[in-house]
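Subject: Structure handover

Dear colleague,

I am passing on the structure below, and I would be glad if you kept it open while reading the notes that follow it.

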Amino acid sequence: MSSLSARSKEFPRSRRSAPDSPPASPSAAAKALRHERLSRLDSGGSNPTASESYSDRASARARREARLATLSSRAEEDSGRDYKKLYDSALTENQKLKSKLQEAQLELADVKCRLEKMAQRQEKTSDRSSVLEVEKRERRALERKMSEMEEEMKVLTELKSDNQRLKDENGALIRVISKLSK
């Protein structure tokens, strides 16, 4: 943009008062600028022969074609992504997580049931102190396991929500791609 403003300062526009007036002669600055451009064109070294300029053009054309080929291969790779496969893999992962969540819930229910049975047994066998100590240890172990299972449940629910979010994003991407492909 600065070259444009510099150029416009060097060559001020002159308005013609009458349509039949002759064109204004170029100023000294315009002549110098034109001479400078021509000398730059000629000073590219020695005068290139026709075969040298042809080989330069051919190599430039080959470079251009190589660039175009890489760009088109990248575009093909991007369009070649199979969003259906991505969706299916996210769906299967979601199913696996759901099954793990159900297994963890069943195991948690089983552990709670055993804990209740242990508490009932403890009440019945309160006479024996040694048995109580063993049961207390088992109860603590079961409580620890239950708290671990609850933590796993929290993690699994977070994973499930993340998986659902990814599924929704994938669906949105598929819709966008289908609109772009039309």
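To describe how two helices pack, an axis is taken as a line fitted to C-alpha atoms, for helices over the stretch in contact, and the angle runs from 0 to 180 degrees between N-to-C directions. The model is predicted, with local features needing pLDDT of at least 70 and side-chain atom pairs pLDDT 80 or more, while totals for chains, interfaces and linings use all residues. Residues are numbered from 1 along each chain as its sequence is written, and side-chain values use heavy atoms, leaving out hydrogens and water.

Helices are DSSP runs (H or I, at least four residues), numbered from the N terminus. Helix H4 (residues 83-124) packs on H5 at an angle of about 160°, the two axes lying 8 Å apart, which means that H4 is roughly antiparallel to H5 (a word used for angles over 145 degrees). By class, their contact holds 21 nonpolar residues (Ala, Val, Leu, Ile, Met, Phe, Trp, Tyr, Cys and Pro), 16 charged ones (Asp, Glu, Lys and Arg) and seven polar ones (the others, Gly among them).

Not counting residues up to four places away in sequence, Asn170 touches Tyr83, Leu86 and Tyr87, where contact means heavy atoms within 4.5 Å.

Best wishes

Methods. Helix = DSSP H or I, 4+ residues; strand = E, 2+ residues; numbered from the N terminus. Parallel < 35°, antiparallel > 145°, perpendicular 65-115°, else oblique.
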